[in-house]
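Good morning, and thank you for the time.

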Amino acid sequence: MKVGIMDSGAGGLTILNAIHKKHPFLNLVYLADDAFAPYGSKTIDELQDRLVKVGKFFEREKVDAIVVACNTATVAAIDVLRASTQLPVVGVEPAVKPAFRLSKQRKVAVLATPVTAQSARLNQLIELWKSDSVVFVMSSSTLAFDIDAWPETEEKIKLTIEQLCEKMRSEKVDTLVLACTHYPLVKPVFEQALGKECEIIEPSEGVTAQLMRRLAESYPDQVGGLFAETHQVSGNIELCNTMSSQNHPRLVTWVEDKEAITLQKTVAI
């Protein structure tokens, strides 16, 4: 079976790595929409139009499901994508529920892009699960874009994270939700800035589990057969981006199982 995974850049590779590690028999097609990045600076209408086009691309690739591995695209446009395709579509939401359950001091920070931070969906999730917790919703308009430009931007990223974490330390935050799939790529930088006392939560395991639930619902016979043959089957990873072949090495950098990469290509959407 083939699954399409998309993000504005490299961030969704955190989701791809989790899916490939848990279910290596799946073939994965990853799309980094570099030509339209950063998503966090786009309007809702622009994102909705773009995601419909991304859906058409994955249909041409003959995938069996689409993972929107981008918080911004999920909150802004996933409903429009679902209405435009018959394929199962899985999104990624900020993992606030487990964060509120884990927090001992009841002080939780949620770090997102501006679009996600201001979204009705994020605020609904917070209101639903926060109970007596104090919540700090924080955003960065540059961090995700800078992560896509790693390693040239490493020092700038570290400075941005230190400035964000200084606020969290002063408020004695003990749990941080990384509400952009780019951010876990530099999780060690957050860990160094916040120390062992702060739990850092990201959504890759939850998205992987939801993907398998949707595949099992939509293709029960195929999924059952794959599980029965996992000792014989090994899937591959295809990397696509919408800007330039020069961006391929950046994507490869973040893929954990580099030997599984069988194709790198630039596509027009």
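Not counting residues up to four places away in sequence, P114 touches G40, S139, S140 and S141, where contact means heavy atoms within 4.5 Å. Before I continue, please note that this is a predicted model, in which local features need pLDDT of at least 70, side-chain atom pairs count only at pLDDT 80 or more, and totals for chains, interfaces and linings use all residues. Residues are numbered from 1 along each chain as its sequence is written, and side-chain values use heavy atoms, with hydrogens and water left out.

P114 itself lies in helix α5, residues 114-117. Helices (H or I, at least four residues) and strands (E, at least two) are DSSP runs, numbered from the N terminus. With a relative accessible area of 19%, P114 is buried; the term buried means under 20% relative accessible area, exposed means over 50%, and partly exposed is in between, with a 1.4 Å probe and protein chains only. P114 and F36 are 78 residues apart in sequence, and their C-alpha atoms are 16 Å apart in space.

One of the contacts of P114 is G40, which brings me to the annotated positions. Which residues does UniProt list for "binding site"? The unreviewed entry gives D7, S8, Y39, G40, N71, T72, T181 and H182. UniProt positions are given in the numbering used here, feature names are shortened, and annotations may be inferred rather than shown by experiment. These residues span 176 residues in sequence, yet no two of their C-alpha atoms are more than 12.2 Å apart, so they gather at one spot.

Let me take two members of that list. G40 lies in the loop between β2 and α2 and, at 21% relative accessibility, counts as partly exposed. Leaving aside neighbours within four places in sequence, G40 is in contact with T72, T113, P114 and V115. T181, by contrast, is buried, with a relative accessible area of 2%. T181 is found in the loop between β7 (175-178) and α9 (187-194). Its contacts, not counting residues up to four places away in sequence, include D7, A69, C70 and N71. The side chain of T181 also reaches the backbone oxygen of A69 at 2.7 Å.

The record has a second entry of interest. For "active site", again in the unreviewed entry, UniProt lists C70 and C180. They span 111 residues in sequence, yet no two of their C-alpha atoms are more than 6.5 Å apart, so they gather at one spot. C70 is found in the loop between β3 and α3 (71-84), and C180 in the loop between β7 and α9. Are these two residues buried or exposed? C70 counts as buried at 5% relative accessibility, and C180 counts as buried at 7%. Beyond neighbours within four places in sequence, C70 is in contact with M6, D7, Y39, V92 and T181, while C180 is in contact with N71, L111, T113 and A144.

I turn now to the sheet. An open sheet of 6 strands has the order β4-β3-β1-β2-β9-β10, with parallel pairing; two strands pair if DSSP finds at least two bridges between them. Its edge strands, each pairing on one side only, are β4 (89-90) and β10 (261-266). Strand β9, residues 237-241, runs parallel to β10 and is joined to β10 by 5 bridges. Within this pair, N241 stands opposite T266 in β10.

Helix α2, residues 44-60, packs on the sheet and touches β1, β2, β3 and β9. Its direction makes about 155 degrees with that of β1; axes are lines fitted to C-alpha atoms, for helices over the stretch in contact, and angles run from 0 to 180 degrees between N-to-C directions. Helix α1, residues 13-22, lies across β1 (2-7), β2 (27-32), β3 (65-68) and β9, running at about 175 degrees to β2.

Finally, the cores. A nonpolar core is a set of buried Ala, Val, Leu, Ile, Met, Phe, Trp, Tyr and Cys residues joined through side-chain atoms within 4.5 Å. Of the 82 residues in the largest nonpolar core, L26, V67, L176, F190 and L215 touch the most other members. Apart from it lies another core, of 14 residues, among them A99, V108, L125 and I201.

How values were computed. Polar contact = N/O pair within 3.5 Å; in protein donor to acceptor, adjacent residues only side chain to side chain.
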